[in-house]
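Me: I am new to this structure and would like to learn how to read it. Could we go through it together, one feature at a time?

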Amino acid sequence: MLKIEIDDGSGFCFGVTTAIKKAEEELAKGSRLYCLGDIVHNGMECDRLRHMGLVTINHDEMERLHNAKVLLRAHGEPPETYALAARNNIEIIDATCPVVLQLQRRILRQYEACPDAQIVIFGKPGHAEVLGLVGQTRSHAIVVAHFEDVMNLDFSRDIYLYSQTTKSLDEFHRIIDYIQSHISPGAVFKSFDTICRQVANRMPNVSGFARRHDLVLFVCGRKSSNGRVLFNECRRVNPNSRLIEGPEEISMEWLDNVSTIGICGATSTPKWLMEQCRDSILGALEKKPEE
């Protein structure tokens, strides 16, 4: 008999849960609410909130918006966004994750204390969180996306290294080791482990979960950086791992010669969506004998 297990450790992180709760509370009041960017990197959850009345806008659209309420998602925003809100009489519903907010403040203090130093952020260029972090330095921070990018730094100058909260700990430590071995004797190097432990701790959890099953269905929006990191870990330990955005992408052919299925997801994956995937499989299996 086929066994299907949903990973208890998967699902929304604290920051995403808080942002969605704030959106739901505002929408329940009947007021019009805008969200700057997708509230979460999951299309189905965004659709659910859109049906409740949440309107997603981009920065250009916010420029033209006046006398409105705008929710800032967990990723955070640069100072320019708050200045724009003040100019346009926009009420900010700030759902920036506390971990991200603390990191923004640390980078701002460091930049103000050492404006001529290289403030380096290990993160994905263009990612919403990274844009908010770089904004604390008036766009002077250097973003390194991969280990190889570190080789382009000026090792004769001071370096202060931070990380996007959802990046890989292993790669971050590789970057630290490389800088330490190349920094000039007269230059200062300091690193700050700013990776969210709620996210980082999911790596060993999802690794163990993936090992226990014949087939792993990793449910995740394809825009999710955190999702790609976790899915790659699933696939590393279990090559029979599939990335899907929802139940409609499940192929029943994947179930051939499978006795256990593990369903897990990213910090942006709602539990109800993983449950839908499970129910879709069970429903299809119930119909199978009649075909």
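Me: Is Glu 5 buried or exposed, or something in between?

Reply: Glu 5 is partly exposed, because its relative accessibility is 24%. Buried means under 20% relative accessible area, exposed means over 50%, and partly exposed is what lies in between, using a 1.4 Å probe and protein chains only. Please keep in mind that this is a predicted model, where local features need pLDDT of at least 70 and side-chain atom pairs count only at pLDDT 80 or more, while totals for chains, interfaces and linings use all residues. Residues are numbered from 1 along each chain as its sequence is written, and side-chain values use heavy atoms, with hydrogens and water left out.

Me: Which residue forms a salt bridge with Glu 5?

Reply: The general idea is that side chains of opposite charge can pair when their charged atoms come close. A salt bridge is counted when a side-chain nitrogen of Lys or Arg is within 4 Å of a carboxyl oxygen of Asp or Glu. For Glu 5 the partner is Arg 212, with the closest N and O atoms 3.0 Å apart. Glu 5 sits in strand β1 (residues 3-6) and Arg 212 in the loop between α9 (202-211) and β10 (215-219), so this pair ties together parts that are 207 residues apart in sequence. Those helices (H or I, at least four residues) and strands (E, at least two) are DSSP runs, numbered from the N terminus. Arg 212 is partly exposed, its relative accessible area being 48%.

Me: How many salt bridges does the structure hold?

Reply: There are 12 salt bridges. One of them joins Lys 69 and Glu 26, at 2.9 Å from N to O. Lys 69 belongs to strand β4 (residues 69-72) and Glu 26 to helix α1 (residues 14-28), so this pair links distant parts of the chain, 43 residues apart. Both Lys 69 and Glu 26 are buried.

Me: What separates Arg 50 and Asp 47 in helix α2?

Reply: An α-helix has 3.6 residues a turn, so residues three or four places apart point the same way. Arg 50 and Asp 47 are three residues apart in α2 (residues 43-52), so about one helical turn separates them. Their side chains meet in a salt bridge of 3.2 Å, N to O. Arg 50 is partly exposed at 46% relative accessibility, and Asp 47 is partly exposed at 35%.

Me: Which residues of α2 are buried?

Reply: They are Glu 45, Cys 46 and Leu 49. Seen down the helix axis, these buried residues fall within an arc of 100°, so they line one face of α2. The arc is taken from the directions from the helix axis to the C-beta atoms. Their cover includes α1, β3 and α11 (271-287). After α2 comes Gly 53, whose phi is positive, near 120°.

Me: In what order do the four strands of the open sheet run?

Reply: Two strands pair if DSSP finds at least two bridges between them. Here the order is β3-β2-β4-β5, with parallel pairing. At the edges stand β3 (54-57) and β5 (91-94), each with a single partner strand, so one side of each is left without a neighbour in the sheet. Strand β2 (residues 33-36) is joined to β4 by two bridges, and Cys 35 has Leu 71 in β4 as its bridge partner.

Conventions
Contact = heavy atoms within 4.5 Å.
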